[in-house]
Amino acid sequence: MARRLRPVELDFVESAPLRLVFTAEVSAPPKAVYAALADDVADWSCWFTGVARSAPTQGGTGREVRLTGGTRFTETILAAEPDAHYAYRVDTTNAPGLRALLEDWRLAPAGGGTRLRWTFAADGPAPFRLLLTLARPGLGRAFRESARALDRRLTRP
């Protein structure tokens with residue numbers, strides 16, 4: 001059963017009780033990376049580890065995401081700055097313990113490629129925050145694997 005989360009705004013990325021930040025560099029340029037994040041939402045399952053299905057909603061201002069384990073999210077896009085910034089908050093989910101979640105993607109040129117910074121900003125009760133802190137290495141690994149898969153997808157001939 002889906003639960004409604006607290007509706008946070010972009011400033012939550014700085015004030016969240018739990019912030020996990022991951023970075024990676026890919027050889028694809030920011031324009032291609034941004035298009036994969038923001039325009040090709042339905043293809044996230046082809047490169048982002050754990051995403052089973054994703055689809056744009058509300059005329060492109062929202063998303064629906066299903067993870068491989070059955071967790072579901074409905075999201076609202078809060079930032080869509082071409083080649084630079086893409087962010088969304090989770091509005092409803094069936095994940096237990098979560099009170100608020102915002103994911104913030106920042107893109108910056110890095111040589112001929114892109115430096116990606118993914119911030120996972122969340123709130124929940126103390127046991128939930130502890131669990132996510134313990135899951136940090138796994139989330140980091142999933143992010144790095146996803147960045148490599150995205151890069152292969154964007155740079156293949």
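## Paired strands

Let's start in the sheet: Arg-53 of strand S3 (residues 51-57) stands opposite Arg-66 in S4. This is a predicted model, in which local features need pLDDT of at least 70, side-chain atom pairs count only at pLDDT 80 or more, and totals for chains, interfaces and linings use all residues. Residues are numbered from 1 along each chain as its sequence is written, and side-chain values use heavy atoms, with hydrogens and water left out. Strands (E, at least two residues) and helices (H or I, at least four) are DSSP runs, numbered from the N terminus.

S3 and S4 pair in the antiparallel sense over six bridges; two strands count as paired if DSSP finds at least two bridges between them. Their hairpin has four residues between the strands, and Gln-58 takes a positive phi near 50° there.

## Two further hairpins

Strand S4 (residues 62-67) also runs antiparallel to strand S5 (residues 72-81), with five bridges joining them. Here Gly-62 stands opposite Thr-76 in S5. Four residues lie between S4 and S5 in this hairpin, and Gly-70 in the turn has a positive phi of about 105°.

S5 then pairs with strand S6 (residues 85-93), again antiparallel, over eight bridges. Ala-79 stands opposite Ala-87 in S6. The S5-S6 hairpin has three residues between its strands, and Asp-83 in the turn has a positive phi of about 70°.

## Helix H4

Helix H4 covers residues 136-155, and its 20 residues should span 28 Å at 1.5 Å a residue. The expected span is 1.5 Å times one less than the number of residues. The end C-alpha atoms of H4 are 28 Å apart, which agrees.

Which residues of H4 are buried? They are Leu-139, Gly-140, Ala-142, Phe-143, Ser-146, Ala-147, Ala-149, Leu-150 and Asp-151. Buried means under 20% relative accessible area, exposed over 50%, and partly exposed in between (1.4 Å probe, protein chains only). What covers these buried residues includes strands S2 (18-26), S7 (100-110) and S8 (113-123), along with helices H2 (30-39) and H3 (126-134).

## Two residues to look at

Arg-153 lies in helix H4 and counts as partly exposed because its relative accessibility is 26%. Leaving aside residues up to four places away in sequence, Arg-153 touches Asp-43, Cys-46 and Trp-47 (contact means heavy atoms within 4.5 Å). Arg-153 and Gly-138 are 15 residues apart in sequence, and their C-alpha atoms are 22 Å apart in space.

Leu-130 has its place in helix H3. With a relative accessible area of 52%, Leu-130 is exposed. Its C-alpha atom is separated by 19 Å from that of Asn-94, 36 residues apart along the chain.

## The largest pocket

The largest pocket has a volume of about 630 Å³. Elements that give two or more residues to its lining are S4, S5, S7, S8, H3 and H4. H4 provides the largest share, four residues. A pocket is an open set of points on a 1 Å grid over the protein atoms alone, where a 1.4 Å probe fits, with protein on both sides within 12 Å along at least five of seven lines; lining residues have an atom within 4 Å of a point. Grid points are joined across faces, edges and corners, and the volume is the space filled by probe spheres set on the points.

In total, 30 residues line the largest pocket, and Leu-67, Phe-73, Glu-103, Phe-120 and Leu-139 lie nearest its centre. The lining divides into 20 nonpolar, seven polar and three charged residues. Here Ala, Val, Leu, Ile, Met, Phe, Trp, Tyr, Cys and Pro count as nonpolar, Asp, Glu, Lys and Arg as charged, and the others, Gly among them, as polar.
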